[in-house]
Structure formats: C-alpha cells, structure tokens
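Trainee: I would like to go through this structure and ask about the terms used for it.

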Amino acid sequence: MSRTRRSRPVVAFVSFLSGAHSGIPRYANALLSALDQIDTTEANARPLVITTAAGRDMLPLKNIEMLTLPVGPKWVRGPRRLALDWSAGLLPRASLLHFFDFAGPLLTPWRPFSATVYDAHIIRNPGSFDRLALRHKLATRRFVASRARGLIAISRFARDEAVQLLGVPSRRVRVVYPGPGLPASVPHEKESPARKDFLLYVGGFAAWKAVPFLVQVHAAMQWDIPLVLVGREDAEINQVRSAIARSHRRQLITLETRADDDKIHQLYSEARAFVFASRYEGFGLPVTEAMARGCPVVASDIPAIREVAGRGIRLVPPTDVSAWASTLDKLVASPELCTSLAQDGLEVVSGLSWDRAARETWDTIARIAGGQLQ
C-alpha cells in the first residue's frame, strides 16, 4: 500500500453488528460489499471497516482495510454490542467514525461521527422494549441526535421521523435509499418460471411485525394455501407459535428459522405472493427483496412502504383482516393478476441498487467529514 494512500484521512465504518442476521446487519453488509467495489483511491479519504471476527467472516472484503476485534459471536448483539459501539472512539484514530446502527462513541463524545437512521420505533412504540433496554436506547438516540455531524436516512419517512421526534435539523440528514434487499452476490432472475402455491413472509417476529396477524389472515382466506414464515429465533417467536397452534389451518403453516440467503432467494422466486403486515418500518427491505425477484407483494399501507414500493405492490389497511384475506384470495385465483403485479414491482425496484447506495453513502460521508452538513 502506497504511502500516499496511508497518509489520507480515515473514515472508519463501525460495523460490530455485521456478524448478526437481522435487517440492519444485512443492510450494513450489503452496503459495505458494494462500497468495496468502488474505486476510492482518488478520494480525499480512505475507508476502514472496524468489526468483529464474526463480521469479518461475513464480509469478505478485498479492497477495504479491516480492523478486527478479537471478540466472540455473543458481542454482535445486546448490551455487549452497545459497549463496543460506545467505546469505538478509543480505537485508532479516524477523521470520522460512521455507525451503521443509530449509535455513537459515548465514551469519547468529542470524536467526530455520523450514523445511519432507520426509524424512530423506540419513540413511537416504547412499550415494545424492556425498561433497561429502553433507557439505554433513548440515551443513545439523544446523544446521536445532538452530537452527530450528519445522518444518513434510508427513506424520506426515516428522515422526517428523525427531524420531528429526535429534533435533528433537516440540513444534517441526507436520504440514501438502500439497494433491493439481498446483496448482489445472491443471484436473481427477472421472471420466475416456477411459481408455486404458497404465501411467504420473511422478516423478524417482533410484535410490530404482526406475524400472528398474518396467521389470522391466512385462516380467514377462502383458499387453502400453505403459508411459509421465515425468520430467526427471537424472544417473540413463541407468540407466533401460539398463533399457529390456534389456527384451523395450522397444518398448512411452516415456520422456518434456519434459512440462509440462498434458501430465501429460492423461496422468493417460488412463492405465489409475499405478505408483509408490519405496522411500522423505516424502509422494508424484505419487500424490495421480493419485488426484485418477481414475487408479487401485498403489504401494510404504512408511510415507508408506500414511499418505497407503493406503485409496485398491493397496499392493504394494516389491521383489516377481511381486506387482507380478500386481496390474497384474488391473487391466488388470478395468475394474470400475479404476473401484472410482479411486473409492476420489478419496474419500481429497478430504481434501487447497492452500487448507487454505496456511492451516495460515500459521497455523503465525505461531505459530513468536510463539515458540509452541519
């Protein structure tokens, strides 16, 4: 590596969550993988990724230098992960630290940093968190809102939430849309020739994701069609299992907790329709993942989903069981309607790419480092 490259200021991407599997780690991994393909040798700064051993294993970067902390997989979530975020400023100096979670260097508050904002769920729905987690998360959000040099929002809705609920000046927030879900390393086709008769959900099982509601909708449909629910084991999964046990169509429901990206891609490519009943999102990555793979989407009519994908999907009132059941029955009964909706989705999602997201992110962070968003 040349001395000139070494002498450039460093922008450090703090990605301790890259070893996890939820939406934000998937976003961070996909964005960093795309950034790794961009030529930054002529830029005024050079990127560095600070992560854990688990994050390094999930991020086979070829061009961006990585600083790996020797900690185990338990450090990618919960209080341990927060401790790593808070102490990131104690690591080798960087001109700017960028946090993929809405976090910051609380132990070194004088260090310049920026962050990505996804939503304001913790303020909108504080009852979804236990008291200790709520206290820590609120303290972190107040710190980031008041001290970050700039923020990247994943949608206009996320930006507006940060401005209205966290008091962040709008001039300090730039919207950069993510790519369409799964990273480019997972192939996808423009059309799926082998659609099968099952409905698919991919995502978390937290209460606001409303997965038990999907089970209720499935039971209210006229058609007997399988429902596949894909997500990781978490604290709320027992509520989903209880809802399945109560359903008269429980034998048609599959709960899959170990699907990797290749399996998820296959399911998107084969499902009759993708269903997403979440009550609150900042973007909705699974929706764009499904759209990019030619899968028709039915989703809750909420602001972020309407903004990102509204023209390419069927939007349904979030809590109306009969409206959901009726919409899905019509899709199942009409292959032509499914094909039309899938084509609409492909057209909308064609405007999203991880390459563009990475370039706009790098440009924004360069502007933040130069003090242009303050």
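Mentor: Keep in mind that this is a predicted model.

Trainee: What makes strand E1 and strand E2 a pair?

Mentor: Two strands pair if there are at least two bridges between them. Strand E1 (residues 10-14) and strand E2 (residues 46-52) have five bridges, in the parallel sense, so they count as paired.

Trainee: How do you know that strand E8 and strand E11 pair?

Mentor: Strand E8 (residues 199-202) and strand E11 (residues 273-276) are joined in the parallel sense over two bridges. Leu200 stands opposite Phe274 in E11.

Trainee: Which strands form the open sheet that holds E8, and in what order?

Mentor: Six strands with parallel pairing, in the order E10-E9-E8-E11-E12-E13.

Trainee: Why are strand E10 and strand E13 said to stand at the edges?

Mentor: Strand E10 (253-256) and strand E13 (314-316) each have a single partner strand, so one side of each has no neighbour in the sheet.

Trainee: Which residues of H13 make the contact with H14?

Mentor: Lys330, Leu331 and Ala333 of H13 meet Pro335, Leu337, Cys338 and Leu341 of H14. By class, that contact has six nonpolar, no polar and one charged residues.

Note on methods: Residues are numbered from 1 along each chain as its sequence is written. This is a predicted model: local features need pLDDT of at least 70, side-chain atom pairs count only at pLDDT 80 or more; totals for chains, interfaces and linings use all residues. Side-chain values use heavy atoms; hydrogens and water are left out. Contact means heavy atoms within 4.5 Å. Helices (H or I, at least four residues) and strands (E, at least two) are DSSP runs, numbered from the N terminus. Ala, Val, Leu, Ile, Met, Phe, Trp, Tyr, Cys and Pro count as nonpolar, Asp, Glu, Lys and Arg as charged, and the others, Gly among them, as polar.
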